[in-house]
Amino acid sequence: MRNLAYRLYERRLAASLDVRPRHVGLILDGNRRFARERGLSGPADGYRLGAAKIHEVLDWCRELDISYVTLWMLSTDNLERHADELTELVEIIARTVDRIAEGGLDVRITGVGAIDNLPDPLRQVLKHAEEVTAGADKLHVQVAVGYGGRQEIVDALKGLLSERRDKGDDLDTVIGDLTLSEIAEHLYTTGTPDPDLIIRTSGEIRLSGFLLWQSVHSEFYFCEAYWPEFRKTDFLRALRDYASRQRRFGR
């Protein structure tokens with residue numbers, strides 16, 4: 001009876017959404033705390049349950065005609081975790097990406113982050129996923145792994161300066177005509193619209209460096225639920241909150 005009530009409530013929420021975000025960014029936070037507080041055997045159990053949740057959320061996005069999703073699955077700070085935990089996490093991410101790519105859901109996958117710094121097996125999985133899903137156009141999923149917002153901006157500037165140097169431009173010329181759009185063209189996410197809505201689970205109220213450049217006009221929603229227990233109701237409430245806001249884009 002309770003499940004039926006939730007389904008009816010979810011239908012009512014979905015029907016009320018007259019405005020929907022085109023691009024949703026998700027900070028998948030709280031997996032380790034969920035595992036610890038539920039008495040699971042270790043962090044990997046939380047990560048596995050969180051990975052299963054990703055597939056549900058992508059189904060919700062397809063149902064609601066959301067075109068872009070960015071999933072922050074591994075930060076640059078996460079790469080400093082204990083070797084055993086990092087190994088398990090990388091394996092879970094790789095299996096998750098493989099499952100999305102092979103799901104036949106017309107989902108395009110791209111990796112965003114310092115991909116060259118990732119363990120080789122994960123790097124190869126991302127490369128394969130990008131290749132086999134390149135023609136999909138229903139939902140574009142950006143998998144943020146080895147990602148940090150500050151590092152992205154540094155890498156963008158390095159790429160821009162290298163490109164201009166190779167064209168023969170001197171530093172004074174580059175400084176004189178540098179533009180925001182030129183920097184944006186060298187970000188990991190180039191070609192993807194900026195996120196309209198960013199959701200973070202686990203009750204933490206901060207971005208922690210997620211899409212620093214791209215989120216300048218994003219709306220933010222912070223949810224108390226840990227990522228593995230994030231419900232469709234929570235997602236729809238975030239979308240309802242987004243629809244109620246008046247976006248000004250700095251004007």
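This is a predicted model: local features need pLDDT of at least 70, side-chain atom pairs count only at pLDDT 80 or more; totals for chains, interfaces and linings use all residues.

Student: Let us begin with the aromatic rings: how many aromatic pairs does a search of the whole structure find?

Tutor: A ring pair is read from the distance between centres and from the angle between planes, with angles under 30 degrees counted as stacked, those over 60 as edge-to-face and the rest as tilted. The search of the whole structure gives eight aromatic pairs. One of them joins Trp60 and Phe230, whose rings lie 6.3 Å apart from centre to centre with 45° between the planes, and this pair is tilted.

Student: Where in the chain do Trp60 and Phe230 lie?

Tutor: Trp60 belongs to helix H3 (residues 43-63), while Phe230 sits in the loop between strand S6 (219-222) and helix H9 (232-243), so that the pair links distant parts of the chain, 170 residues apart. Trp60 and Phe230 are both buried. Phe230 also pairs with Phe235, and because their planes stand at 75°, with the centres 6.3 Å apart, this second pair is edge-to-face. Phe235 is buried, as is Phe230. Taking the ring pairs together, Trp60, Trp227, Phe230 and Phe235 are linked into a cluster.

Student: Turning to charged side chains, how many salt bridges are counted?

Tutor: The general idea is to look for a side-chain nitrogen of Lys or Arg within 4 Å of a carboxyl oxygen of Asp or Glu. By this rule there are 23 salt bridges. Among them is the contact of Asp65 with Lys138, at 3.3 Å from N to O.

Student: Which residue forms a salt bridge with Glu182, and where do the two partners lie?

Tutor: The partner of Glu182 is Arg164, with the closest N and O atoms 2.8 Å apart. Glu182 is in helix H8 (residues 180-184) and Arg164 is in helix H6, so placed that the pair links distant parts of the chain, 18 residues apart. Glu182 counts as buried, since its relative accessibility is 13%, and Arg164 counts as buried at 7%.

Student: What can be said of Arg247 and Asp196?

Tutor: Arg247 and Asp196 form a salt bridge in which the closest N and O atoms are 2.9 Å apart. Arg247 lies in the segment after H9 and Asp196 in the loop between H8 and strand S5 (197-200), 51 residues apart, and both Arg247 and Asp196 are buried. Salt bridges can also join into a network, as they do for Asp29, Arg33, Arg200, Glu204 and Arg206.

Student: Which residues make the nonpolar surface patch?

Tutor: Such a patch is built from nonpolar side chains with over 30% relative accessible area. Here Leu157, Leu161, Leu171, Ile175 and Leu178 make a patch of about 450 Å², to which helix H6 (149-166) and helix H7 (171-177) each supply at least two residues. Leu171 is located in helix H7, and Leu171 is exposed because its relative accessible area is 55%.

Student: How should I read the spaces, and what lines the largest cavity?

Tutor: A probe that fits in a cavity cannot get out, whereas a pocket is open. One cavity of 30 Å³ or more is found in the whole structure, and the largest cavity holds about 30 Å³ of space. Its lining consists of His23, Gln142, Thr189, Thr192, Pro193, Asp194, Pro195, Leu211 and Gln214.

Student: How much space lies in the largest pocket, and which residues lie nearest its centre?

Tutor: The largest pocket contains about 700 Å³ of space. Its lining has 34 residues, of which Leu28, Asp29, Ser75, Asn78 and Arg81 lie nearest the centre.

Student: Finally, is Ala144 buried or exposed?

Tutor: Ala144 is in strand S4 and is buried, because its relative accessible area is 1%. The C-alpha atoms of Ala144 and Val125 are separated by 14 Å, and these residues are 19 residues apart along the chain.

Methods:
Residues are numbered from 1 along each chain as its sequence is written. Side-chain values use heavy atoms; hydrogens and water are left out. Rings of Phe, Tyr and Trp (its six-membered ring) pair if their centres lie within 6.5 Å; planes under 30 degrees apart count as stacked, over 60 as edge-to-face and the rest as tilted. Helices (H or I, at least four residues) and strands (E, at least two) are DSSP runs, numbered from the N terminus. Buried means under 20% relative accessible area, exposed over 50%, partly exposed in between (1.4 Å probe, protein chains only). Patches are made of residues with over 30% relative accessible area and no salt bridge: like charges are joined within 9 Å, nonpolar side chains (Val, Leu, Ile, Met, Phe, Trp, Tyr) within 5 Å. Accessible areas come from the Shrake-Rupley method with a 1.4 Å probe; for residues, only the protein chains shown count as cover. On a 1 Å grid over the protein atoms alone, a cavity is a set of points where a 1.4 Å probe fits but cannot get out, and a pocket is an open set with protein on both sides within 12 Å along at least five of seven lines; lining residues have an atom within 4 Å of a point. Grid points are joined across faces, edges and corners, and a volume is the space filled by probe spheres set on the points.
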